[in-house]
Amino acid sequence: MSQLTPGARFTQALASESPLQIVGTINANHALLAKRAGYKAIYLSGGGVSAGSLGVPDLGISSLQDVVIDATRITDVCDLPLLVDVDTGFGASAFNIARTVRTLEKIGVAAIHIEDQVGAKRCGHRPNKEIVSKAEMVDRIKAAVDARNDPSFLIMARTDSIANEGLSSAIDRMNSYIEAGADLLFPEAVSELSTYKTITSGVNVPVLANITEFGLTPLFNKSELASAGVEMILYPLSAFRAMNKAAEKVYEAIRKEGSQKSVIDTMQTREELYQRINYYEYETALDRLIKDRKTDDE
């Protein structure tokens, strides 16, 4: 395990890979798979917590505790720096936001992003989003920055204002968010590559591109986004969507055919699972404990 703080590891990853690819990991198992695949940073989506852990829409229904449970499970087994979606901060006041920051920092999260939607938020790629005033979002960021104990813990400001106010106003907001202490920026639902270039030219902190499937943002590739000055690329729910589709097909096959034989080739094998979760290391440790206990009893 690295001796660097989680936030410092995120900053290190950002410096070592450009753009930094950040992949969504819906659970601890997926975090291990992402590390095995070579990613340097991972992500826990608020929409993923809502849909995956709670089975509800991403409409501000989940709580801080819901996110803490999933984030803790990830940081307990994986040392990749974890970026976590905290929606609007899980409460209307600076005290709520401060609690969110301190709690997530304590469990080993590297960075959070907080957004400028109203409390009853919507998916960033849906219509009729409502945003708070620039002043209110600035207060949210200041509360988050003031609450952190470790200065390397990163605060990312997400703005949904492009759809509501236009690009010029959104850039003005983002610069105000930087002045308030935001370390990173997340402009949501960008539809043109040229828009990213305008944003990155107009701000002085790293910008994230959210490349989520079936939304308003085209699936720009790494080279295209690099040419637009983007320094982080987020794939928030790609594996989750694939996992859900695969699960549906397996359930349907077993129900219709009375057996899983026709879909067995789509499954992770027992051996693959054991390797991914380090099963044999645990088993070896268990065997050693049993052997030592028998020796003590003799």
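Helices (DSSP runs of H or I, at least four residues) and strands (runs of E, at least two) are numbered from the N terminus. The structure is a predicted model, in which local features need pLDDT of at least 70 and side-chain atom pairs count only at pLDDT 80 or more, while totals for chains, interfaces and linings use all residues. Residues are numbered from 1 along each chain as its sequence is written, and side-chain values use heavy atoms, with hydrogens and water left out.

View 1. Phe-90 lies in the loop between strand 3 (82–85) and helix 5 (94–106). Its phi is near 65 degrees, a positive value in a residue other than glycine. Phe-90 is buried because its relative accessible area is 18%; buried means under 20%, exposed over 50% and partly exposed in between, with a 1.4 Å probe and protein chains only. Phe-214 is placed in the loop between strand 7 and helix 10, and its phi is also near 65 degrees. Phe-214 has a relative accessible area of 78% and so counts as exposed. Most residues other than glycine have a negative phi, and most peptide bonds are trans.

View 2. Ser-18 and Pro-19 are joined by a cis peptide bond, with omega about -5 degrees. Pro-19 belongs to the loop between helix 1 (6–16) and strand 1.

**View 3. Ile-22 in strand 1.** Ile-22 is a residue of strand 1 and is buried, at a relative accessible area of 0%. Contact means heavy atoms within 4.5 Å. With neighbours within four places in sequence left aside, the contacts of Ile-22 include Phe-10, Ala-41, Ile-42, Leu-83, Leu-208 and Met-232. Glu-188 is 166 residues from Ile-22 along the chain, and the C-alpha atoms of the two are separated by 15 Å.

**View 4. Helix 2 and its surroundings.** Within helix 2 (residues 28–37), the residues Ala-28, His-30, Ala-31, Leu-32 and Ala-34 are buried. Against these buried residues pack strand 1 (20–24), strand 2 (41–44), helix 4 (64–77), helix 11 (238–257) and helix 12 (270–276). An α-helix has 3.6 residues a turn, so residues three or four places apart point the same way. At the start of helix 2, a side-chain oxygen of Asn-27 comes to within 3.2 Å of the backbone nitrogen of Asn-29. Gly-38, just after the helix, has a positive phi of about 105 degrees.

View 5. Thr-25 is found in the loop between strand 1 and helix 2 and is buried, with a relative accessible area of 2%. Leaving aside neighbours within four places in sequence, Thr-25 is in contact with residues including His-30, Ala-31, Ala-34 and Ile-74. A search of the whole structure gives 1 cavity of 30 Å³ or more. A cavity is a set of points, on a 1 Å grid over the protein atoms alone, where a 1.4 Å probe fits but cannot get out, and lining residues have an atom within 4 Å of a point. The volume of the largest cavity is about 40 Å³, a volume being the space filled by probe spheres set on the points. Its lining consists of Gly-24, Thr-25, Ile-26, Tyr-43, Ser-45, Pro-236, Leu-237 and Phe-240.

**View 6. Ser-62 between helices 3 and 4.** Ser-62 sits in the loop between helix 3 (46–54) and helix 4. At a relative accessible area of 7%, Ser-62 is buried. Beyond neighbours within four places in sequence, its contacts are Ser-50, Leu-54, Asp-87 and Phe-90.

View 7. Rings of Phe, Tyr and Trp (its six-membered ring) pair if their centres lie within 6.5 Å; planes under 30 degrees apart count as stacked, over 60 as edge-to-face and the rest as tilted. The count by this rule is 4 aromatic pairs. Tyr-196 and Phe-220 make an edge-to-face pair, 6.4 Å centre to centre with 85 degrees between the planes. This pair links distant parts of the chain, with Tyr-196 in helix 9 (residues 193–202) and Phe-220, 24 residues apart from it, in the loop between strand 7 (208–210) and helix 10 (222–227). Tyr-196 is buried at 0% relative accessibility, and Phe-220 is buried at 13%. Tyr-274 and Tyr-280 are also edge-to-face, at 5.8 Å and 90 degrees. Tyr-274 is buried at 18%, whereas Tyr-280 is partly exposed at 36%. Ring pairs join Tyr-274, Tyr-279 and Tyr-280 into a cluster. Arg-158 lies over the face of Phe-186, 5.4 Å from the ring centre; the rule asks for NZ of Lys or CZ of Arg within 6 Å of the ring centre and within 35 degrees of the ring normal.

Terms used
A polar contact is a pair of N or O atoms within 3.5 Å; within protein, one must be able to donate a hydrogen and the other to accept it, and residues adjacent in sequence count only if both atoms are side-chain atoms. On a 1 Å grid over the protein atoms alone, a cavity is a set of points where a 1.4 Å probe fits but cannot get out, and a pocket is an open set with protein on both sides within 12 Å along at least five of seven lines; lining residues have an atom within 4 Å of a point.
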